[in-house]
Amino acid sequence: MRNALTVDVEDWAQSTLDRSLPISGRFVRSTVALLDLFARHRVRATFFVLGKAAEAFPEIVPLIAAAGHEVASHGYGHEPVWNLTPADFADDLRRARAVIEPLAGRPLVGYRAPDFSIGLRNLWALDILRAEGFRYDSSIYPIRNPRYGVPGAPLEPYEAVDGLVEFPLAAVTLVGTRWPVAGGGYLRLVPYAITRWALRRINAEGRPAVVYLHPYEIDATELGELPYRISLKLRVTQSLNRHRTRARLDALLRDFQLAPMREVLGL
Ligand SMILES: [Zn+2]
């Protein structure tokens with residue numbers, strides 16, 4: 001079974017610490033390292049590119065596209081959708097498309113929201129995505145989490161609104177609770193043997209899984225080198241095990257069949 005391999009291309013400080021910060025070129029270096037790693041494994045992925053990052057370092061988008069990967073949209077400014085009005089959300093999507101699409105050379109059909117910020121409070125966002133020409137979304141985490149998630153949402157891809165498929169982030173049910181797996185922080189914090197077990201279980205249940213990560217997750221020294229005040233909590237949660245991510249990813253790319261999201265969905 002093919003699973004979707006996805007990367008949210010953004011700069012850590014701007015996307016996580018303060019959205020008004022300038023975009024640093026560190027993400028370019030890490031994205032190039034991921035491209036090299038994927039090429040070694042002959043694996044292609046979907047890169048959800050942040051418009052603001054593409055605007056600051058446009059050269060990265062043609063590099064991604066030339067390697068045969070799918071380029072998709074992560075919006076423009078990394079403002080969570082629950083902070084936006086419907087009109088502002090549509091503006092953010094258009095601004096990102098205007099920057100990214102000419103660089104990618106192909107229409108963008110996929111979208112992922114910052115911080116998985118589409119949920120029960122703002123399902124109107126799915127109608128806007130469809131109206132803006134997107135064919136799939138991958139923003140809904142079918143789990144219970146203090147910040148995000150739709151606990152009862154389907155675990156497998158489904159048509160969320162007419163003409164728009166939702167590809168939910170991977171979750172596995174264990175003792176009656178849904179647990180997130182194979183993404184970003186979960187990939188860093190959880191031992192690889194558990195991630196592998198969970199992905200195999202999802203596949204055994206007949207569902208493709210979504211693996212997601214950010215370029216900064218292989219940048220082990222970033223938080224020690226940034227010139228910003230960063231709280232201890234953020235340092236721990238955002239930086240722990242970054243030095244282990246590359247090896248884990250190596251194992252994951254060896255153990256599982258992975259492909260761009262659009263191809264897994266057959267769109
Ligand atoms: Zn993001």
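Student: How many aromatic pairs does the count come to?
Tutor: The count comes to twelve aromatic pairs, where rings of Phe, Tyr and Trp (its six-membered ring) pair if their centres lie within 6.5 Å, with planes under 30 degrees apart called stacked, over 60 edge-to-face and the rest tilted. Bear in mind that this is a predicted model, where local features need pLDDT of at least 70 and side-chain atom pairs count only at pLDDT 80 or more, while totals for chains, interfaces and linings use all residues. Residues are numbered from 1 along each chain as its sequence is written, and side-chain values use heavy atoms, leaving out hydrogens and water.

Student: OK, how are the rings of Phe116 and Tyr141 arranged?
Tutor: Their centres are 4.9 Å apart and their planes at 80°, so that pair is edge-to-face.

Student: And are those two buried or exposed?
Tutor: Phe116 counts as buried at 7% relative accessibility, and Tyr141 does at 0%. Buried means under 20% relative accessible area, exposed over 50%, and partly exposed in between (1.4 Å probe, protein chains only).

Student: Which residues are in the cluster?
Tutor: Ring pairs link Phe116, Tyr141, Tyr148, Tyr186 and Tyr212.

Student: New topic! What are the protein donors of the zinc ion?
Tutor: Glu10 (OE), His74 (NE2) and His78 (NE2), at 1.9 to 2.1 Å from the zinc. Donors are N, O and S atoms within 2.8 Å of the metal (3.2 Å for Na, K and Ca); water is not among the atoms, so sites may look incomplete.

Student: What spacing do the donors follow along the chain?
Tutor: The spacing is E-x63-H-x3-H. Both His74 and His78 are buried, too.
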